[in-house]
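This report covers interfaces, domains and backbone geometry. Please keep the sequence and the model open while reading.

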Amino acid sequence: MQTPKILPCGDSALTVEFGSVIDPDLNGMVLALDEIVRARAPAGLIETVPTYRSLTIQFDPVETDYDVLVGLLTEATKDLAPRNSVGRRWRVPVVYGGEYGSDLEEVAGIHGLTPNQVIEIHSSAVYRIYMIGFLPGFTYLGGLDRRIATSRRLHPRAKIPAGTIMIGGEQAGIAPMDMPSGWHNLGLTPVRPYAPERDPVFLFAAGDEIVFEPVDASRWDAMEKAARAGEPVAEEIRP
Amino acid sequence: MIDLTVKSCGPMTALQDRGRLGYQRFGVSPSGAMDPRALALANALVGNPPETAAIEFVNLGGTFACEGGPLRLALAGAGAPLKIDGTPVPPLTSALLQEGQVLEVGHPRSGTFAYLAVAGGYAVEPQLGSLSFHLRSRLGGLKGAPLQAENRLPCRPEAQAGAPMQLSVDIPEDTGPIRVMLGPQDDYFTPESIRLFLESEFTISSQADRMGFQLTGPKLDHAKGFNIVSDGIVAGHIQVPGSGQPIVLMRDRQTAGGYPKIATVISADLPRLAQLRPGAGVRFRAVEREEAVAAARQLRDWIASLPSKLEPMHFSLTTEHLLSRNLIGGTVDALSSAAHD
């Protein structure tokens, strides 16, 4: 493991960069450091933002002693072990194909598989939430089986509905709200990763794991009703 | 109960405070006032803490009335004029809006963002700890929306108390280049690009909003490609996509992004940049951390000093009197968008 780099982001932030690629161990280091920084809460700390490969730390330029902060980070990163033990694993119900996942057949065709095989492959993987960003609650999921990795659509859609289960390249995701997307839609879940009126507002956190459970379309209405009533619908399960 | 009622306003008129801190890890932009200095001025005039939520005007003004008044309020920023029933309210003073009167906020004349504060603040429920409106998250403002005609903003009872006040304060001058600290990815650029970035004049393009300001100028070449694995984004980051034309990321920025960032605007100079209008020229100067922190402290001290500069309004106060004290000129200069260099 190379020594992480501390990159200045103006007078009010810095980024600790562990590497430049997408890798579970790098991400585990980011999450481990995130935990330490938040626990130590150095004077003037405002917030931390874990991403794939780096931790951005925002602080008050007047309250924070920069040298003290860098000292803390240097010490904390010396013997850092990646945090790969997950706190939570979520089971997310998905209705695949048809009007729920309009690209399922196309994706199957691209890879010479049947739609059922794509569903089987997509729903047997364990996905890791590397980071949340782009939109509130948008999960960047790693762990997609290469057999169904599919390059992005030639023509992005201006709007896909909240709850869309999608894949793009080797990434997978769940749309937290209606959004533009160039990824392929495999299915739909009533689960809302982000609901401003619900407690908790955000269901998932970076470092959590997600598994998808295929469910029959006949269950859709009941599940959606529960989600509307503020229930998570996603179930927390033991890893 | 006192209500400020909206009769008309521009499409992005919305509540803004310090911003929504602590949720960037969940993909929520902090948002917050684009010019915290002007927000602090408006708040100081009505006796509020500097980061209390106020109505932010973006390019356009609006008209308001009140029910259950009088309502004590103040406007600051971008040289936007304020009138009550057609009578101008002098800059850097607070005013009383009586029931039945019409409050008219004119278009910002020398910048983009102006703030209307009421004594005690607006009695609106915060979302995730802030009243700041953020379009993409549908958070803050009035139930996730900007203001529009017919909206009623409930105000606290404190809004009625007190007489009009004035601020006798020196407004720091907005001159000189916008100061930046290089990094976090300045090593992704050729030395020639860094030189061009620091020595050229850029222009604020028409694509400038609360999310980011697209600049046009000499093409900045990357030394090792323009795709990086997405990392965290903070206000003031200057990212350079494949076009070689920099974008300064502002309060409503996305939380993470995949373009290299050549430099970061220092916190004290970001409000100044925010008030530059499309078409204005801008230059950058690289500074060390020491100077950036000193500037942040200076701005902090200036904001903290505002309440001590508040005094009862002299009713003989005239525009001529204010001009003689250079208050109007000072305000316009300080909170203006003019590029001075």
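## Terms and basis

A salt bridge here is a side-chain nitrogen of Lys or Arg within 4 Å of a carboxyl oxygen of Asp or Glu. By that rule, B:Arg210 and B:Glu56 form a salt bridge through their side chains, 2.7 Å from N to O.

This is a predicted model: local features need pLDDT of at least 70, side-chain atom pairs count only at pLDDT 80 or more, and totals for chains, interfaces and linings use all residues. Residues are numbered from 1 along each chain as its sequence is written, chains are lettered from A and ligands numbered from 1 in the order in which they are written, and side-chain values use heavy atoms, with hydrogens and water left out.

## Two domains in chain B

Chain B is assigned domain 1 (2–171) and domain 2 (178–287). Such bounds come from an automatic or database domain assignment. The domain centres, taken over C-alpha atoms, are 29 Å apart. Contact means heavy atoms within 4.5 Å. On that basis, 25 residues of domain 1 of chain B touch 17 residues of domain 2 of chain B.

Buried area is the accessible area (1.4 Å probe) that two parts lose on being put together, summed over both. For the two domains of chain B it is about 1,700 Å², with 48% on carbon and sulfur atoms. B:Gln24, B:Met34 and B:Arg37 supply 33% of what domain 1 of chain B buries against domain 2 of chain B, more than any other three residues.

The count between these domains is 1 salt bridge. Polar contacts are also found. Each is a pair of N or O atoms within 3.5 Å; within protein, one must be able to donate a hydrogen and the other to accept it, and residues adjacent in sequence count only if both atoms are side-chain atoms. Across this domain interface, 15 residue pairs are in polar contact, with both residues at pLDDT 80 or more.

## The annotated span

An unreviewed UniProt entry carries the annotation "domain: Carboxyltransferase" over residues 25–302 of chain B. UniProt positions are in the numbering used here, feature names are shortened, and annotations may be inferred rather than shown by experiment. The end C-alpha atoms of residues 25–302 of chain B lie 31 Å apart. The span is 14% helix and 29% strand. Helices (H or I, at least four residues) and strands (E, at least two) are DSSP runs, numbered from the N terminus.

## Chain B against chain A

How many residues does each chain bring to the contact? Chain B gives 41 residues and chain A gives 47 residues. The buried area between the chains is about 3,400 Å², and carbon and sulfur atoms give 55% of it. B:Arg25, B:Phe26 and B:Arg289 supply 22% of the area that chain B buries against chain A, more than any other three residues.

Between the chains there are 14 residue pairs in polar contact, both residues at pLDDT 80 or more. Strand S13 (178–182), strand S16 (231–232) and helix H4 (289–305) of chain B each supply at least two residues of the side that touches chain A. H4(B) gives the most, with 6 residues. By class, this side of chain B has 18 nonpolar, 13 polar and 10 charged residues. Ala, Val, Leu, Ile, Met, Phe, Trp, Tyr, Cys and Pro count as nonpolar, Asp, Glu, Lys and Arg as charged, and the others, Gly among them, as polar.

## Salt bridges

The structure holds 32 salt bridges over all chains. Between chain B and chain A the count is 3. In one salt bridge, the side chains of B:Arg300 and A:Asp60 meet at 3.0 Å, N to O. B:Arg300 lies in helix H4 of chain B and A:Asp60 in the loop between strand S4 (54–59) and helix H2 (66–78) of chain A, so the pair joins two chains.

## Backbone geometry

Most residues other than glycine have a negative phi, and most peptide bonds are trans. A cis peptide bond joins A:Asp199 and A:Pro200, with omega about 5°. A:Pro200 sits in the loop between strand S12 (184–188) and strand S13 (209–214) of chain A. In chain B, the peptide bond from B:Gly183 to B:Pro184 is cis, with omega near 15°. B:Pro184 is in the loop between S13 and helix H2 (191–199) of chain B.

A:Phe134 has a positive phi, near 75°. Its place is the loop between strand S6 (127–132) and strand S7 (139–142) of chain A.
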